[in-house]
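Here's a quick briefing on a protein chain and its charged side chains. Have a look at the sequence and the model first, then read on.

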Amino acid sequence: MSAAELRLELHVAHVDHQWRDDSCEDAAAVARLAERLQLPFHLHSVKADDVSSLPPHTEAAARDARRRYLGELSRELSAAWVAVGHTRDDQVETVLHRVLRGTGVAGLSGIRPVSRLSANTQLVRPLLDCRREEVEAYLRSIGVDWCVDDTNRDGRFTRNRIRHDLLPELRDKFNPQVDAALERLAAQAAAIYDWLAGAAGEGLRQAIIECQPNSVTLDATTLRAQPVVVVSEMLRLLWRRQAWPEQAMGSGHWDKLTAMAQQTTRSTHSLPGGMTAECSRDRLLITARQPSETETPL
């Protein structure tokens with residue numbers, strides 16, 4: 001079906017990270033295609049400020065800059081969906097990458113077909129069931145050229161080494177069906193994590209005694225009645241809902257906090273990001289350090 005039949009208003013957006021001297025040629029190619037399709041074109045060139053919080057030329061910095069811009073553009077256009085071009089190959093590479101870094105069930109779930117970009121916009125991945133080679137074959141069949149980003153072969157990036165070195169080695173010497181095995185792992189992990197997230201949400205609803213922007217009091221008896229894995233996810237969910245510094249917490253910090261939540265002795269622990277957890281027999285109080293008057297809000 002066409003966009004008109006689906007009553008969709010389409011726009012094309014491109015983010016130029018300016019990592020290469022010729023990156024403007026990619027932007028020009030996308031602009032030409034948008035013009036050929038008679039679609040509005042939006043270009044964002046990443047500035048140094050956009051990635052100032054992360055080392056330059058990292059995948060994380062590029063991803064965060066893209067999401068930030070797409071979120072801003074979707075709000076400007078009142079867009080309900082933003083579609084990106086991840087494929088099954090990206091799924092396989094992502095799951096393996098996360099295994100190598102060390103991840104939990106959520107990370108093993110891989111790339112989801114639909115996720116939340118902002119309050120009113122969903123990020124959708126309509127090509128996630130397609131192989132990269134299938135997408136390229138289709139483009140050839142309709143006479144559409146595509147750009148090849150030379151940075152995708154840069155060995156400094158872990159994902160590139162996984163794509164060009166590790167996965168071919170695994171297919172050749174260990175398991176020719178390793179891609180399918182990793183896809184099955186992601187699907188199974190996604191189903192498990194969906195159940196876990198639901199249990200954590202309900203458990204957190206039951207456990208909250210008092211909730212303020214900078215402090216939350218939880219019922220320790222309710223926490224102790226839950227499996228450890230659910231308590232751990234409840235605490236992560238709490239951090240996200242409160243917009244506390246989740247990225248500052250390492251696996252050891254989550255383990256310590258989860259253990260506190262299920263103990264009966266009184267204790268106090270300092271956590272990253274100015275957070276403090278105080279445990280008593282029947283309460284777990286988590287507080288965030290309030291910024292002083294001299295501090296500038298982020």
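Predicted model: local features only at pLDDT ≥ 70, side-chain atom pairs only at ≥ 80, totals over all residues.

A residue counts as exposed when its relative accessible area is over 50%, as buried when that area is under 20%, and as partly exposed in between. Keep those cut-offs handy for the salt bridges below.

**The overall picture**

- The protein chain has ten helices and ten strands.
- Its C-alpha trace spans about 70 × 55 × 40 Å along the principal axes.
- Of the chain's 298 residues, 35% count as buried.
- Take the contacts between residues at least 6 apart in sequence: 60% of them join residues at least 24 apart.

**Charges**

- The salt bridge count comes to 15.
- Five residues, D90, E93, R132, R159 and R163, are linked in a network of salt bridges.

**A bridge between distant parts of the chain**

- R88 pairs up with E183 in a salt bridge, with 2.8 Å between the closest N and O atoms.
- This pair links distant parts of the chain: R88 sits in helix α3 (residues 88-101) and E183 in helix α7 (residues 178-207), 95 residues apart.
- Buried or exposed, what is E183? E183 has 18% relative accessibility, so it counts as buried.
- R88 has a relative accessible area of 25%, so this residue is partly exposed.

- R205 is exposed because its relative accessible area is 55%, while E202, at 34%, is partly exposed.
- Over in helix α6 (residues 158-173), E169 and K173 are four residues apart, so about one helical turn separates them.
- The side chains of E169 and K173 meet in a salt bridge, at 3.3 Å from N to O.
- K173 comes out as exposed because its relative accessible area is 56%, whereas E169 is partly exposed at 34%.

Definitions and conventions
Residues numbered from 1 in each chain as written. Heavy atoms only, no water. Helix = DSSP H or I, 4+ residues; strand = E, 2+ residues; numbered from the N terminus. Buried < 20%, exposed > 50% of the residue type's maximum accessible area, 1.4 Å probe, protein only. Contact = heavy atoms within 4.5 Å. Salt bridge = Lys/Arg side-chain N within 4 Å of Asp/Glu carboxyl O.
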